[in-house]
Amino acid sequence: MRANCSSSSACPANSSEEELPVGLEVHGNLELVFTVVTAVMMGLLMFSLGCSVEFRKLWLHIRRPWGIAVGLLCQFGLMPLTAYLLAISFSLKPAQAVAVLVMGCCPGGTISNIFTFWVDGDMDLSITMTTCSTVAALGMMPLCLYLYTLSWNLEQNLTIPYQNIGITLVCLTIPVAFGVYVNYRWPKQSKIILKIGAIVGGVLLLVVAVAGVVLAKGSWNSDITLLTISFIFPLIGHVTGFLLALLTHQSWQRCRTISLETGAQNIQMCVTMLQLSFTAKQLVQMLSFPLAYGLFQLLDGFLIVAAYKMYKRRLKNEHRKKNTRCEEGCHNKKSTSPKETGAFLEVNEEVTITSGPSMPMDLHTTLEPTGHISSGT
């Protein structure tokens, strides 16, 4: 699925800078800075998250890939279908419908790994799912886009950013591999690195949110319909991913992981694909959706993390109350019958003294007189 770049109007790479709107020039400069900063911080983040991965558990997920299979079904089954249904239900324009569909066909983003760590999810499964979905995107993205755009009669073909997918894989696997090695050799130091990585992840999310607001500054008032879809799309992904994981009898930890992996998409890959496939004038109508999706994706993730932390704190409080009640009940029982308790302890102490393994000769000598008396009678 390649775009025809023979004419200057068919591919944005062949168009001159004078033809680009001022907003897109600013977006391009900001995007360059944003990409460099994000790449460096993402590499450090994935290295720190890799320190939480154990090779033994990672190998178990690869040998029994049930969780990975459910995640891939959500990623390339539910998400493209949801995008197609949303585009039809809201009667979107062709350019906008393509942007929504491309977002649904993209693999999972690394943002999901950060949120999975914060909700005590399965980090081994999360990183494995992100890697596997990125590899599967080499074949599944063209297939899904071809199947769902058969009835749309697009004027331009869609270009799959294979180079971008390859760079994503390298930036994902190499830091994670180093993190797994550090966790294997130096487990104590890896915990410190993991805590630092959690802070770096929070800073990264703030940088992404601020950059997204700046990049989407002129597009918030563009179309209420696109903003609505960008808000509900990740929510649908989280809910359907959780339900499918629950129906396939996955553990609660895996259900949280698969839910976050399903709703979190690779925004950078979607933007790159749109830029390679459409002209500058068309991009004005399309780029607002992935940017808005990225912001709402972060917002949904923060809400999920906040809800989980509140639920976890509530369980801890209930557990403390139960322990307090149990201690008070045990204390009352001891205070009401001190003689019985003392007698019970004395009996136990006598049993332990007489039947202890440190006095075998005493037991032998005490049994001898008894045997002598019984034989005499």
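**Figure 1. Overall make-up of the predicted model.** Two residues are in contact when heavy atoms of theirs lie within 4.5 Å. In this predicted model, residues 24 or more positions apart account for 85% of the contacts with a separation of 6 or more. The protein has 15 helices and zero strands. Of its 377 residues, 43% count as buried. The accessible surface comes to about 21,300 Å², and carbon and sulfur atoms hold 66% of that area.

**Figure 2. Packing of helix α3 against helix α9.** Two packed helices are described by the angle between their axes and the distance between the axes. For α3 (residues 66-89) and α9 (residues 224-247), the angle is about 145° and the axes are 10 Å apart. The crossing of these two helices is right-handed. On the α3 side, the residues that meet α9 are V70, L73, C74, L78, M79, T82, A83 and L86. Their partners in α9 are I229, I232, F233, I236, G237, T240, G241, L244 and A245.

**Figure 3. Packing of helix α9 against helix α10.** Helix α9 also packs with α10 (residues 252-263), at an angle of about 150° and with the axes 7 Å apart. Here α9 contributes P234, G237, H238, G241, F242, A245 and L246 to the contact. From α10 come W252, C255, R256, I258, S259, L260, T262 and G263. The crossing of α9 and α10 is right-handed. Among the α9 residues in this contact are G237, G241 and A245, and these three residues also meet α3.

**Figure 4. A nonpolar patch on the surface.** Four residues, L143, Y146, L147 and L150, form this patch. Together they have about 410 Å² of accessible area. L150 is located in the loop between α6 (123-148) and α7 (162-185). The relative accessibility of L150 is 49%, so this residue counts as partly exposed; the exposed class begins over 50%.

Figure 5. P187 is part of α8, which covers residues 187-215. Its relative accessibility is 42%, and P187 therefore counts as partly exposed. P187 and S52 are 135 residues apart along the chain, while their C-alpha atoms are separated by 9.1 Å.

How values were computed
Residues are numbered from 1 along each chain as its sequence is written. This is a predicted model: local features need pLDDT of at least 70, side-chain atom pairs count only at pLDDT 80 or more; totals for chains, interfaces and linings use all residues. Side-chain values use heavy atoms; hydrogens and water are left out. Patches are made of residues with over 30% relative accessible area and no salt bridge: like charges are joined within 9 Å, nonpolar side chains (Val, Leu, Ile, Met, Phe, Trp, Tyr) within 5 Å. Accessible areas come from the Shrake-Rupley method with a 1.4 Å probe; for residues, only the protein chains shown count as cover. A salt bridge is a side-chain nitrogen of Lys or Arg within 4 Å of a carboxyl oxygen of Asp or Glu. Helices (H or I, at least four residues) and strands (E, at least two) are DSSP runs, numbered from the N terminus. Buried means under 20% relative accessible area, exposed over 50%, partly exposed in between (1.4 Å probe, protein chains only). Axes are lines fitted to C-alpha atoms, for helices over the stretch in contact, and angles run from 0 to 180 degrees between N-to-C directions. A crossing is left-handed if the near helix is turned anticlockwise from the far one by less than a right angle, and right-handed if clockwise.
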